[in-house]
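Reader: I am new to this structure and would like a close look at a single part. Please start with one residue, then go on to whatever else can be said.

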Amino acid sequence: MKKSLLTALFALTALLWGLSCTQEHGYDPDPGPNTDEPVYEPPTSPLAMKNVEDPRIAEEDGVYWVFSSNANMNDTDYPYEAGLMVRKSDNLVDFSIQGYVLSDVIDSWAKAKLVELSGDPSLSGIRICRPAIAKVGGEWRLYYTVNAGTDLTGDAPSVIGYATSPTLDNAEWSDQGQILGSASLAGTGAIAANPCFFTSIDETKHYLLYGGSIGLYVTELGTADSKPTGSPTLVAQQGDRTGCSYIHKHNNRFYLFLCFEHGAYSDFFMAQSLNPAGPFIDYSDDDARNVATTFPENRILTPYQFWGSKWGGFNSLSVVWSGTRDMLAVNCKPGADAAQPYTLQIRYLDWVSTPKGWDFPAVCPEPYAGDQGAVTDSEIVGTWGYGTLWYVWDNVNNTKLDAMNFGADHVVTYGDATGNWDFDETTSTLHFVATWWGSEHIYLKVNRVKDTDSTAEELPENLVAAGFNANFNQHPGVWMKKSLE
């Protein structure tokens, strides 16, 4: 891997946070635990944001609806049901629980089907989970997985079905039953789980992304009945750790957000394609089908340690258009602690143009707390923390960020080295040249945000940036932060 200059000594205040950033351009296989950060206490989240696993978000008439697995919620007001949970919001900040849907699917047919597939009449641990939601013509389609337990290695029986409703508000879901089952996929290596519905660019063809730990597959569906019309095509694999992934259309391309699942440290990386069934290629020009023998490198969301905050367990996400920009719904665990309940977060999803002719997805480093207004050129001036989204196996990106100073003369200083920076207020794009790393070009989208991890009565305001290093193919993802307090 390409070497860079030794990092300069730096000191950050308690408001700056840290991502893993070593003294050379290459991943650190054992970055070690934090030794000087304060003890992290998970924030108190509203009930409606807790116990959200596998969130799938949609918008109808200005209202946002989140469908999810029930991550063991059993509250007095919301006793446990074997159904999918529904939440709604009109501002992507405040959510309310709407109850359960499809709670009768298991008993009405799915349990009998799994028993038939497994040959085990005492089969237990059956649950409905891992949904997908899409508007198709004049109806909504809610896809779902039914499986026994959590084993999705190919041995456990599983099915994918879907239901329809004309609306999301006061929905009347009509279950359409099974479209895929483990028996119908026998011999293909595919698993009937984790559905993600999407269409061709012109919306004339329908596709389903699905699969489990063995790999992810895409199959074309009939437009009328959503039944498979062809054989599954392998699009991605990561040993036995391929999790609940997602395909999003942007600028006439298909973007695969691939989950690399390893418990509380699960994360996402990206690959893109001009074709719905791939091949999906990342910024390193690696094929997502071949990552079983390489580390996933093009990270867009990873377990991280900010100064005073810590999040991990990113193992399911979805995207919705807010009317002005893409927004990401994702589940995660505070403290990257497997014992903590999954929490729902909404984040900006920005897009940064690359020299390769396609856009790099940039996930905002802070959860969404409402629009805080535009960023000006003069506000870029000051000290920023800089961190690369490294590969970390069983820890978080957890070292304080490198400090860079952006001067009013548009000179950026890093230790004794200098470079130049510019900021486009129209697109909120920051670009600077890192001469200390061989004149590497870094491009980021900048957002004004509230520090949602703060315990202060009035949340402090920060600038955060997400983007990529155009010259560093192996780990191009970059996050930055500047305190405005």
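**A close look at one residue**

Author: Gln 345 counts as buried because its relative accessibility is 4%; buried means under 20% relative accessible area, exposed over 50%, and partly exposed in between, with a 1.4 Å probe and protein chains only. The model is predicted, so local features need pLDDT of at least 70 and side-chain atom pairs count only at pLDDT 80 or more, while totals for chains, interfaces and linings use all residues. Residues are numbered from 1 along each chain as its sequence is written, and side-chain values use heavy atoms, with hydrogens and water left out.

Gln 345 lies in strand S21, residues 343-353. Helices (H or I, at least four residues) and strands (E, at least two) are DSSP runs numbered from the N terminus. The side chain of Gln 345 makes a polar contact of 2.7 Å with that of Arg 347. A polar contact is a pair of N or O atoms within 3.5 Å; within protein, one must be able to donate a hydrogen and the other to accept it, and residues adjacent in sequence count only if both atoms are side-chain atoms. Setting aside neighbours within four places in sequence, Gln 345 is in contact (heavy atoms within 4.5 Å) with Trp 311, Phe 314, Leu 328, Ala 329, Val 330, Cys 332 and Pro 367.

Lys 88 belongs to strand S3, residues 84-89, and counts as partly exposed because its relative accessibility is 28%. Residues up to four places away in sequence aside, Lys 88 touches Val 63, Tyr 64, Trp 65, Asp 94, Phe 95, Ser 96 and Gln 98. Of these, Val 63 is 25 residues away along the chain, with 6.9 Å between the two C-alpha atoms.

The next topic is strand pairing. Strands S9-S10-S11-S12, in that order, form an open sheet of four strands with antiparallel pairing; two strands pair if DSSP finds at least two bridges between them. Strands S9 (196-199) and S12 (233-236) are at the edges with a single partner strand each, so one side of each has no neighbour in the sheet. S9 is joined to S10 (residues 206-212) by four bridges, the two running antiparallel. Phe 198 has Tyr 207 in S10 as its bridge partner.

The whole structure holds zero disulfides, a disulfide being a pair of cysteine sulfur atoms within 2.5 Å. For Cys 129, the nearest cysteine sulfur is that of Cys 244, 8.6 Å away. Cys 129 counts as buried because its relative accessibility is 1%.
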